Amino acid sequence: MHQHTPPQDDGSSITVEPGLIAAEVNKILAKHKTKHNLPIQYKIGPDPSSIDSCMIGGVVANNSSGMCCGVSQNTYHTLKDMRVVFVDGTVLDTSDAESRQRFLQVWSVCGGLCIGGLHVYIGACGCVHWWAAYGCVSLV
Ligand SMILES: Cc1cc2nc3c(=O)[nH]c(=O)nc-3n(C[C@H](O)[C@H](O)[C@H](O)COP(=O)(O)OP(=O)(O)OC[C@H]3O[C@@H](n4cnc5c(N)ncnc54)[C@H](O)[C@@H]3O)c2cc1C
């Protein structure tokens, strides 16, 4: 079974494993809204036509978009954090300041680096911008 944490109180964010089907995530958010009688029905940003079968790992690796979300709410613009395992086993959890710091100490080269096709740039705010070449990393 693929896991997820309960959505944030207002249902505007959720943490999920990469094996969850994207439409399932929207169902979880819909249930959360109904259960707590919330005013807004949130959905994940990307809405690819394949939403009923594609998984979050593929959505993120492909930077999926869709007919409704366009560019402004595609994966890149709505992903808050992720946990990445690099080809050499290095784990980066972008939600964890310590993990980001450790990653920077070990790998930083003038603020930017390239490992096995994954280009990472860590901005001054600590946020991570990324362009993944398919198959080079695992999202966990
Ligand atoms: C019928 C159809 C309609 C589509 N419609 C749209 C659309 O409207 N808009 C749009 O933007 N895209 C669309 N797509 C493409 C869309 O991006 C993919 O369907 C989907 O997002 C990828 O998810 P998947 O589970 O199919 O991934 P897969 O095809 O299984 O994987 C995609 C890539 O991600 C990698 N990957 C998967 N999981 C992980 C992981 N955990 N860690 C690291 N890498 C991983 C795989 O190795 C692969 O390289 C469509 C595709 C199809 C087949």
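**The loop between H1 and H2, and helix H1**

Modeller: Setting aside neighbours within four places in sequence, Asp47 has contacts with Gly66, Met67, Cys68 and Cys69. One of these, Met67, is 20 residues away along the chain, yet its C-alpha atom is 6.9 Å from that of Asp47. Asp47 itself sits in the loop between H1 and H2. Is Asp47 buried or exposed? Asp47 is buried because it has 21 C-beta neighbours inside 10 Å, and the cut-off for a buried residue is 20 or more.

Tyr42 is also in the loop between H1 and H2, but its surroundings need a separate count. There are 18 other C-beta atoms within 10 Å of Tyr42, so this residue is partly exposed. A residue would be called exposed at 12 or fewer, so a count between the two limits gives the label in between. Beyond four places in sequence, Tyr42 contacts Gly11, Ser12 and Leu29. Tyr42 can also be placed relative to His32: the two are 10 residues apart in sequence, and their C-alpha atoms are 9.6 Å apart in space.

Leaving out residues up to four places away in sequence, Leu29 touches Pro7, Gly11, Ile14, Tyr42 and Lys43.

Leu29 belongs to the largest nonpolar core, which has 8 residues: Val16, Ala22, Val25, Leu29, Ile44, Met55, Ile56 and Val59. Two elements, helix H1 (22-35) and helix H2 (56-62), each give two or more residues to this core. H1 provides the largest share, with 3 residues.

Now take H1 on its own. It has 14 residues, and the distance from its first C-alpha to its last is 20 Å, close to the 20 Å expected at 1.5 Å a residue. Which residues of H1 are buried? They are Ala22, Val25 and Leu29. These residues lie on the same side of H1, because they cover an arc of only 60° around the axis. H2 is included in what covers the buried residues of H1. On the face turned away from the buried side, H1 carries the exposed residues Lys27, Lys31, Thr34 and Lys35. After the helix comes Asn37, with a positive phi, near 50°.

The part can then be set within the whole chain. There are 4 helices and 6 strands, in the order α-α-α-β-β-α-β-β-β-β from the N terminus. The chain has 140 residues, and 17% of them count as buried. Of the contacts between residues at least 6 apart in sequence, 41% join residues at least 24 apart.

Last, the confidence of the prediction. The mean pLDDT of the chain is 80, and 76% of the residues reach 70 or more. Among the elements, H1 has the highest mean pLDDT, 95, while strand S5 (residues 128-131) has the lowest, 45. Over residues 114-137, pLDDT stays under 50, and the model has 38 contacts beyond four places in sequence for this stretch. The helix described above is therefore the element with the highest mean pLDDT, as pLDDT is the predictor's confidence in each residue.

Terms used:
Residues numbered from 1 in each chain as written. Predicted model: local features only at pLDDT ≥ 70, side-chain atom pairs only at ≥ 80, totals over all residues. Contact = placed C-beta atoms within 7 Å. Core = buried A, V, L, I, M, F, W, Y, C linked by C-beta atoms within 7 Å. pLDDT = per-residue confidence, 0-100. Expected span 1.5 Å × (residues − 1). Arc of directions from axis to C-beta.
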